[in-house]
Amino acid sequence: ATSMAMGLGLFPVYLFVFLLHWPAIASWPIDYIPRSHRASCLSLASEMDQAIGGYFRTRLVIASVMGVLYSCGWGIAGVPYWLLIGMLGGLLGIIPYASGLAWLAAMLLRYLGLDNGLEGIGDVVAVFVWPTLVYIIVQETDDWIMTPLLQGNQLNMSFITIILAVFVGGAVAGLFGMFMAVPAAACIQIYWAESLSPRLKHFAASS
């Protein structure tokens, strides 16, 4: 929990510093690219830039829809502060699967909203089952509908590739890795398709 909290706290700082210096970061490598390869490298970088921009735009759309769905579902389930927790879940949805933190908060608030604690199966269902059901429905909607339709089409990546990239990114760099995994995978895919794969095919054909 401490690691995730630190990741969430430090990520906006990393993002701010990165965006603040982005023009200098983007223009700095150009002078070091050989002139014979500069045009192809800049074209490849432009495709990667479009893919990354498309990822963030679609992720914001998905997060907004998730926030509305969470708010409506947890409001029906009787979770206190349902609008705040729902929109927080949508905001965390920018990072795949990070909205699970809002799900835990929804169950805790529902429990604290009880007058005398857990008293019978009805309270158990109200505290654990309904908030969890809302989370599962929204998350599955993201996994099987919104992510494949929006991000998959935008990045030309399959659902399995996106999920695998998120898991690998999370294992390597935590929440920041999960956030950057899909754009990184999209850039690797573009580099493979536009540069590496043609070279390997040419080498295989000439051997």
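The following legends describe close-up views of a predicted model.

**View 1**
A search of the whole structure finds 1 salt bridge. R59 and D142 form this salt bridge, and their closest N and O atoms lie 3.1 Å apart. Side chains of opposite charge can pair when their charged atoms come close. Are R59 and D142 buried or exposed? Both R59 and D142 are buried.

**View 2. Helix α3 and the glycine that follows.**
Helix α3 runs over residues 35–76 and has 42 residues. From its first C-alpha to its last, α3 reaches 62 Å, close to the 62 Å expected at 1.5 Å a residue. After α3 comes G78, whose phi is positive, near 80 degrees.

**View 3. A63 in helix α3.**
A63 is a residue of helix α3. Its relative accessible area is 7%, so A63 is buried; the cut-off for a buried residue is under 20%. Which residues does A63 contact, leaving aside its neighbours within four places in sequence? A63 is in contact with G90, G93 and I94, when those neighbours are left aside. A63 and G7 are 56 residues apart in sequence, and their C-alpha atoms are 19 Å apart in space.

**View 4. Y81 in the loop between α3 and α4.**
The loop between α3 and α4 contains Y81. The phi of Y81 is near 55 degrees, a positive value in a residue other than glycine. Most residues other than glycine have a negative phi. Is Y81 buried or exposed? Y81 has a relative accessible area of 59% and is therefore exposed, as the cut-off for an exposed residue is over 50%.

**View 5. The buried residues of helix α5.**
Helix α5 covers residues 100–112. At 1.5 Å a residue, its 13 residues should span 18 Å; the end C-alpha atoms of α5 are 19 Å apart, which agrees. Which residues of α5 are buried? They are G100, A102, A106, M107 and R110. These residues cover an arc of only 155 degrees around the axis, which puts them on the same side of α5. An α-helix has 3.6 residues a turn, so residues three or four places apart point the same way.

**View 6. The nonpolar surface patch.**
L108, Y111, L112, L118, I121, V124, F128, V129, W130, L133 and I137 make a nonpolar surface patch of about 1000 Å². Helices α5 and α6 (121–155) each supply at least two residues of this patch. Which helix gives the largest share of the nonpolar patch? Helix α6 does, with 7 residues. V124, one of the residues of the patch, lies in helix α6. The relative accessible area of V124 is 31%, so V124 is partly exposed.

**View 7. V134 and V138 in helix α6.**
V134 is a residue of helix α6. With a relative accessibility of 12%, V134 counts as buried. Leaving aside neighbours within four places in sequence, V134 is in contact with L69, Y70, G73 and W74. V134 and F203 are 69 residues apart along the chain, and 53 Å separates their C-alpha atoms. V138 also lies in helix α6. At 4% relative accessibility, V138 counts as buried. V138 touches M66, L69 and Y70, when residues up to four places away in sequence are not counted. From V138 to D123 the distance is 23 Å, C-alpha to C-alpha, and the two are 15 residues apart in sequence.

**View 8. Q139 in helix α6.**
Helix α6 contains Q139. Is Q139 buried or exposed? Q139 has a relative accessible area of 5%, and is therefore buried. Not counting residues up to four places away in sequence, Q139 touches M66, Y70, Y97 and S99.

Key:
Residues are numbered from 1 along each chain as its sequence is written. This is a predicted model: local features need pLDDT of at least 70, side-chain atom pairs count only at pLDDT 80 or more; totals for chains, interfaces and linings use all residues. Side-chain values use heavy atoms; hydrogens and water are left out. Patches are made of residues with over 30% relative accessible area and no salt bridge: like charges are joined within 9 Å, nonpolar side chains (Val, Leu, Ile, Met, Phe, Trp, Tyr) within 5 Å. Accessible areas come from the Shrake-Rupley method with a 1.4 Å probe; for residues, only the protein chains shown count as cover. A salt bridge is a side-chain nitrogen of Lys or Arg within 4 Å of a carboxyl oxygen of Asp or Glu. Helices (H or I, at least four residues) and strands (E, at least two) are DSSP runs, numbered from the N terminus. Buried means under 20% relative accessible area, exposed over 50%, partly exposed in between (1.4 Å probe, protein chains only). Contact means heavy atoms within 4.5 Å. The expected span of a helix is 1.5 Å times one less than its number of residues. The arc is that of the directions from the helix axis to the C-beta atoms.
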